[in-house]
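This report takes a brisk look at one structure.

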Amino acid sequence: MEKDLVTSLKDYIRAEETKLEQIKKWADKLDVLSAAATQDPEGFLGHPVNAFKLMKRLNTEWGELENLVLTDMSDGFISNLTIQRQHFPTDDDQTGAAKALTRLLDTYKLDTNTISTGELPDSSLVASHRSILTVDDCYDLGKVAYSEADYYHTELWMVQALKQLDQGEMSSTVDTVTILDYLSFSVYQQGELERALDFTKRLLELDPTHQRASGNLKYFEYQLVKQKKAEDKDEDNARPKTKKDRLDDYLPERKKYEQLCRGEGITMTPRRQSRLFCRYYDNDRHPKYVIGPVKQEDEWDRPRIVRYHDIVSDTEIEKVKELAKPRLRRATISNPVTGVLETAHYRISKSSDVRRFMTLRQAN
């Protein structure tokens, strides 16, 4: 779809360039005529051909030029864009993709610079397909975290955005002041008053008229004085908050899940490994599988996990995809209290139930 839109955009650019070229040629021609005419107007118009051509230009040709200038060459591109826009991702899709990128950051214990430079530790990712994150990209990722009150990840992405901006990235539409504004608040929310104060001071050096930063500066200084007094008096109830690494997770199995993703799960001993086999499986001499047994591979012993190979043909796979694609919808979960199916921010996939449609096709 995007490839089609780019082709349409280039067609529009070529049409505009052709139009401007015609206008430019006309302007150059008139520039030469005007220069000659203004040197000796009476002598120039004394020639009947010149007089006729002047009348013609003023009466018709300037009108034709007006129509050319007013011609909107963007109609085709705008029409195509309007048609395609109905298939565009939504804000929820973009937010989901941003959260997924941050989830990769946590799951594989990566740093923002690794993701930003595209140097992901995955040999299956072709180097020619590597893509980098700009300052604006990092800023947008930080804003998604900020909207979720996830100040830990807000700080990570905003620091990366600031780093790239300080390194001289010039194409950014976001400025240092805006990033520092987010940074000062996010680190403050994590209990780091001194860093919040440092970011605020740097912001005010760039924009002394920033009202919120001016107010925050006084507040942070007051809180630091208060904190210092409390520490001197050793008042436990007034100690500052400690910095949190990540938000408390609502899923108790999250850490184990992430360990498995990183390949940090239980390692099978050689003895156990030796008991895993591959075989042709006939389901206790089932007539169907006696004729065509299936390939079965042991993946794990306790609990027993097996993998079946070549169960579905490529043709059948394509048919399922064909049936599912137009019916894909945001996946849901069952609310444990009400039992109602609803979307969840941690499940951003799309799914489709094709069983009914496949049954109908078989019946037909």
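## The sheet

Strand E2 (residues 294–300) pairs with E3 in the antiparallel sense, over five bridges. Two strands count as paired if DSSP finds at least two bridges between them. Strands (E, at least two residues) and helices (H or I, at least four) are DSSP runs, numbered from the N terminus. Within E3, Arg307 is the bridge partner of Glu297.

Three strands make up an open sheet, ordered E1-E2-E3, with antiparallel pairing. Strand E1 (278–281) and strand E3 (305–309) are the edge strands, each pairing on one side only. From one strand to the next, the twist averages 35 degrees. Axes here are lines fitted to C-alpha atoms, for helices over the stretch in contact, and angles run from 0 to 180 degrees between N-to-C directions. Strands of a sheet pair through backbone hydrogen bonds, either parallel or antiparallel.

## Basis of the model

The model is predicted: local features need pLDDT of at least 70, side-chain atom pairs count only at pLDDT 80 or more, and totals for chains, interfaces and linings use all residues. Residues are numbered from 1 along each chain as its sequence is written, and side-chain values use heavy atoms, with hydrogens and water left out.

## Salt bridges

How many salt bridges does the structure hold? There are 18. The term means a side-chain nitrogen of Lys or Arg within 4 Å of a carboxyl oxygen of Asp or Glu.

One of them joins the side chains of Glu299 and Arg307, at 2.5 Å from N to O. Glu299 is partly exposed at 29% relative accessibility, and Arg307 is partly exposed at 42%. The classes are set by relative accessible area: buried is under 20%, exposed is over 50%, and partly exposed lies in between (1.4 Å probe, protein chains only).

Shared partners also link salt bridges, joining Glu155, Glu192 and Arg195 into one network. Glu192 bridges to Arg195, with the closest N and O atoms 3.1 Å apart. Arg195 is partly exposed, at 28% relative accessible area. Glu264 forms a salt bridge with Arg262, where the closest N and O atoms are 3.0 Å apart. Glu264 is partly exposed, at 42% relative accessibility.

## A residue in helix H5

Asp106 lies in helix H5 (residues 91–107). Is Asp106 buried or exposed? Asp106 is buried, with a relative accessible area of 14%.

Asp106 and His153 are 47 residues apart in sequence. In space, their C-alpha atoms are 9.7 Å apart.
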